[in-house]
Amino acid sequence: MSQVRSQDWLSKVRAMVGQEALPPQTAADPVNLPMIRRWCEAMGDRTPAFLDEQAAVRSGRASVVAPPAMLFAWTMSHFSPDGEREGGTLLGLDLVDAAGFTSVVATNVEEEYFRELRCGDLITQRVTLDGISDEKKTGLGVGHFVTYRYEFSDQRGELVGRTIFRVLKFRPPAKAKEAAPVAADAPRAAKASPPRPPMTKDGEFFWAGFVERKLLVRQCGQCGRLHHPPGPMCPECNSLEWTPRECSGRGTIHSFVVMHQPQIPGHQYPLPVALIDLEEGARIVANLQGIAPDKVRIGLPVEVQYVEYEKDFVLPAFRERRTG
Amino acid sequence: MASAMTYDGVQAGQQLPGLDIPITASLIVAGAIATGDYSLVHHDKAHAQAAGTPDIFMNILTSNGLVQRFVNDWAGPAARIRSVKLRLGAPNFPGDTMKLAGTVKGKEVVGPDKLVDVAVSGTNSLGEHVTATVRVALP
């Protein structure tokens, strides 16, 4: 590659410095004891305040706290059986890959913890591209250091931690040329955004509810019947009166299809889409997530989770229910 | 945890008790799962070899976790880690041992916080796996 062309891609990446590198991602689960326990077991960390409520109080805390080094773990993306990354490549990495620097290894982590996290805290991650180095000769080969800045906030929007994450993107050694590019340590999170649903006056509240992490269904103000999709009039008693009813998010699969085509950006295919009977009685359509297509069955208990693509764009996706 | 550290009881130059961590495939995989990192090179040996490394290797978030556990072991239950700066070098492969060593670099009082900086290094048979500075608040 000529020097001119190589600088061409590099200046493109540099022009994106400061931009959002992935859509914001909110943790699938709040900070919780089971994940803390698994982490402490793996690391051999026996700090009592991480697992024992009374010990936490004795050490001057209000309750159990998560190990600070778990900061990154809450928003990491989910397991996928084929090892494929779930959506979202960090901004700029495709250009670095295209320039031939296809291998990745994490080199630096710098973290600041502004407060200890407690069980129940719900963490949202935002990441921006922070910079890219000139070409460097390293022990692994020729490459560029690419730096990302992660900010983690809690359910109140307060910043709880910050991470500078640096990876070396390098040209793989010749013998490993055939190997697929691997992300040695690049953190994985978030998804590309699918198109936004069409907004109508009747349906607006339904979509807006997800931003508040609420599943709202239209309830007739006269006969109390829930009906969905939302329309201007109750199909039962013809009343125009209505209120939004917050549902628990629990339900069972009434029926489903597995979508292969057409493939819409922002979703992973094959994509199971289900008709879900909510326990309150309404029936809604939603994507399933974290359930292999061949594991989906009618009657499967599911619960809602919320996938944040942008601060004001959140969609529901149902997963297999593990409790209750 | 032998005895808990206090700010007044800690001096620059003080050494932390060393810690040897046997690097096993199980530790690498358990660490990868605990930190939510399902990249193939941290659990799939065949894939790691196809990508040009001799075996699976530890992910950076596990190295971070082990470094902080090492500091927590020494500092005691009331310590609170405030920040870390960590750099990785030689990979941790199964069958190796990482020797963690630490030295108190300095201390300062910032507002209500009594902060101690600990320099940590973890070496294996290939060289320096990790160097880090951990800032911890002590009672």
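In this predicted model, 41 residues of chain A are in contact, that is, have heavy atoms within 4.5 Å, with 42 residues of chain B. The size of an interface is often given as the accessible area lost when the parts come together. Here the area buried between chain A and chain B (the accessible area, for a 1.4 Å probe, that two parts lose on being put together, summed over both) is about 3,400 Å², with carbon and sulfur atoms giving 57% of it.

Residues are numbered from 1 along each chain as its sequence is written, and chains are lettered from A in the order in which they are written. Local features need pLDDT of at least 70, side-chain atom pairs count only at pLDDT 80 or more, totals for interfaces use all residues, and side-chain values use heavy atoms, with hydrogens and water left out.

Across the interface of chain A and chain B, 1 salt bridge is found (a side-chain nitrogen of Lys or Arg within 4 Å of a carboxyl oxygen of Asp or Glu). This salt bridge links Arg80(B) with Glu116(A), whose closest N and O atoms are 3.6 Å apart. Two elements of chain A, α2 (33-43) and β2 (103-113), each give two or more residues to the side that touches chain B, helices being DSSP runs of H or I with at least four residues and strands runs of E with at least two, numbered from the N terminus. The largest share of that side, 8 residues, comes from β2(A).

Strand β2(A) is joined by 5 bridges to strand β2 (residues 80-88) of chain B, and the two run antiparallel; strands pair if DSSP finds at least two bridges between them. Within this pairing, Val109(A) stands opposite Leu86(B) in β2(B).
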